[in-house]
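Please look over the sequence and the model shown below before reading on.

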Amino acid sequence: MALLRHNAPAIVVFVGGIALWEATIRGLSIRAFILPAPSSIARALGENWTAGYQILPAAQATLQEAGGGLIAGALLGLVVAFAVARYPSARDIVLPMGIAVNAIPIVAFAPLANQWFGSQSVYSKMAISAALVFFPIMINVLRGLTSVSASSVELMRSYAAGEMAVLVKLRVPNALPFFLTGLKIGTTLSLIGAVVGEYFGGLNVALGRVVVESASTLSFEVTWAAIVVVSVVGIAMYLAVLAAERVLIPWHPSVRGERVA
Amino acid sequence: MTADQMSDQPVVSLAGVEKDFALSGGATMTALTGIDLDLRRGEFVSLIGPSGCGKSTLLRLIGDLTQPTAGSVSVNGKPAPQARLDRDYGMVFQAPVLFDWRTVEENVRLPLELTGQERRARDARVAEMLELVELPDFARHYPYQLSGGMQQRVAIARALTFSPAILLMDEPFGALDEMTRERMNSEVLRIWEQTGITVVFVTHSIPEAVFLSSRVVVMSARPGRITQIVDIDLPRPRGLETRESRHYFEMVTKVREALRGSEESGASDELLASVERAEAEGLIG
């Protein structure tokens, strides 16, 4: 009940926005191919949920690709961040290269990835997602591992702690909030990677395909329905990371909120 | 070695200690020179002096957090690096340096986790330490839920978990308000009396140094050296009456005059402070 009251303003604005959208389309007789009304998007979604464009199985496929890419990219980012944090000399080699690679619009490689991993394969989409996710995870984790205060390190030294103990007791816990921040950015990027990868061919049942094919037949209500579902998948992934934060870093300023002593 | 011989031996012994810092451009700066100092077991010694006199550097030399350019530092009859590895001292910094992700009891437990001590003994020790600093009710709280004074008490409990022979404190109450600071002073004295530990205490505050110490080591800057050691013969236990006694004011005056005699502060003080800082930060990489 308190939760409902807390979120009430947001809900009112959201529902009001949808209603205003609906009213505007009807009132001004805007044509569906420019902007369909929410009601017709909802109808298209219902009609194509499991039949027609098969949006539900498509969403499942896309979620699988984005999720796989997110996990692969995060693992790779973690490994590189730990290695670079451990060997500072590697920092001067890896970081400039990482920054340069990050400046390349990786989604432009989507057709090539399809070539390398097979356009029908989920792995080509995962590869694009992973490449997008890698950088923010790597940079954030590296910052978390290295931005420990000098006095914390001295404290550990005063306990005769070795390099390994400093890593486990200090650097890793310090990096955890940074990792979760990277992961939050990564959820959105992984979905972009998967959907754009699908634009260039792939599984017939995937949200990117639904967008491309419905738009080519001017079924824009379906296109919009697919976009709505992509958004919902993205929000769900983001919320999953938020939930993980609540469990893993309850002490962090971003999580602890107004909880009082 | 018998217990008597143990107590005769100085617990900290510095002989001919000098510390230079390398400045950019190849120049060096002498932070400390000609330091000879013996600390007896169970003493409470304060290091006081203008900023930049190297008192924090001296404390860090005892703790082997920085190494002398010349001279020797021995702790418990061993070279300082060995004493550090043997965990012969506990350190309390100006900031509490608690780990945000650990509750109070987990923070106090940290040093014991590094020794791989058996769990039940560990938990008992943590509970004992929290009793000592009078925070048992806050065991499950996170640092952000505590006041500055409480955080510093957690830091003291953590420093004492190993039952070290020496407690090194670097301006531990410098960031606290006057009321809290006076309460913490009494707290530290109570802990010192209960544990019989040797304390080396760096401070800017003359009243604090006089109230706490058996001896006050007065230092001067440019280069940092010991100019005078003032014995504080105020009766113990010390409390509110001590702070209001005539003898206390005489002691405060004596230390103040010793400081004035040594005061020649200049631009290099700031420089040393920044060099010390840079050196500490160099530990990150």
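Predicted model: local features only at pLDDT ≥ 70, side-chain atom pairs only at ≥ 80, totals over all residues.

Residues are numbered from 1 along each chain as its sequence is written, and chains are lettered from A and ligands numbered from 1 in the order in which they are written. Helices (H or I, at least four residues) and strands (E, at least two) are DSSP runs, numbered from the N terminus.

The helix α6 of chain A covers residues 122–146, which makes 25 residues, and it reaches 35 Å from its first C-alpha to its last, close to the 36 Å expected at 1.5 Å a residue; the expected span is 1.5 Å times one less than the number of residues. Of its 25 residues, 22 are buried, so that α6(A) is mostly covered. Here a residue is called buried if 20 or more other C-beta atoms lie within 10 Å of its own, exposed if 12 or fewer, and partly exposed in between, with the C-beta atoms placed from the backbone.

Helix α4 of chain A (residues 88–103) has 16 residues and spans 23 Å from its first C-alpha to its last, close to the 22 Å expected at 1.5 Å a residue. α4(A) also bends by about 30 degrees, at A:V94, and a proline, A:P96, follows within four residues. How many of the 16 residues of α4(A) are buried? The number is 0, so this helix lies largely in the open.

Seen as a whole, chain A contains 11 helices and 0 strands, and its C-alpha atoms fill a box of roughly 75 × 55 × 30 Å, taken along the principal axes. Of the 261 residues in chain A, 36% are buried. Two residues are in contact if their C-beta atoms, placed from the backbone, lie within 7 Å, and among the contacts in chain A with a separation of 6 or more, residues 24 or more positions apart account for 74%.

One loop of chain A, between α9 (207–216) and α10 (220–248), holds A:L218, whose phi is near 60 degrees, a positive value in a residue other than glycine. Most residues other than glycine have a negative phi, and most peptide bonds are trans. A:L218 counts as exposed because it has 11 C-beta neighbours inside 10 Å.

Chain B has 11 helices and 10 strands, and 44% of its 285 residues count as buried. Its strands include an open sheet of 4 strands in the order β2-β1-β4-β5, with antiparallel pairing, where two strands pair if DSSP finds at least two bridges between them. The edge strands, each pairing on one side only, are β2 (28–39) and β5 (78–79) of chain B. Strand β4(B), residues 70–75, pairs with β5(B) in the antiparallel sense over 2 bridges, and the bridge partner of B:V75 in β5(B) is B:K78.

Two loops of chain B also deserve a look. B:V97, in the loop between β6 (89–92) and α4 of chain B, has a phi near 50 degrees, a positive value in a residue other than glycine, and B:V97 is buried, with 22 other C-beta atoms within 10 Å. In the loop between β10 (225–231) and α9 (240–244) of chain B lies B:P237, which a cis peptide bond joins to B:R236, with omega about -5 degrees.

A nonpolar core is a set of buried Ala, Val, Leu, Ile, Met, Phe, Trp, Tyr and Cys residues joined through C-beta atoms within 7 Å. The largest one has 83 residues, of which B:I62, B:I166, B:L167, B:V200 and B:V255 touch the most other members. Helix α6 of chain B (residues 148–160) gives the most to this core, with 7 residues. A second, separate core of 55 residues includes A:Y53, A:F134, A:F200 and A:A226.

Finally, the chains meet in a contact that takes 24 residues from chain B and 21 residues from chain A. On the side of chain B that touches chain A, α3 (80–85), α4 (104–113) and α11 (267–281) of chain B each supply at least two residues.

Definitions and conventions:
Bend = angle between axes of the 7 residues up to and from the residue.
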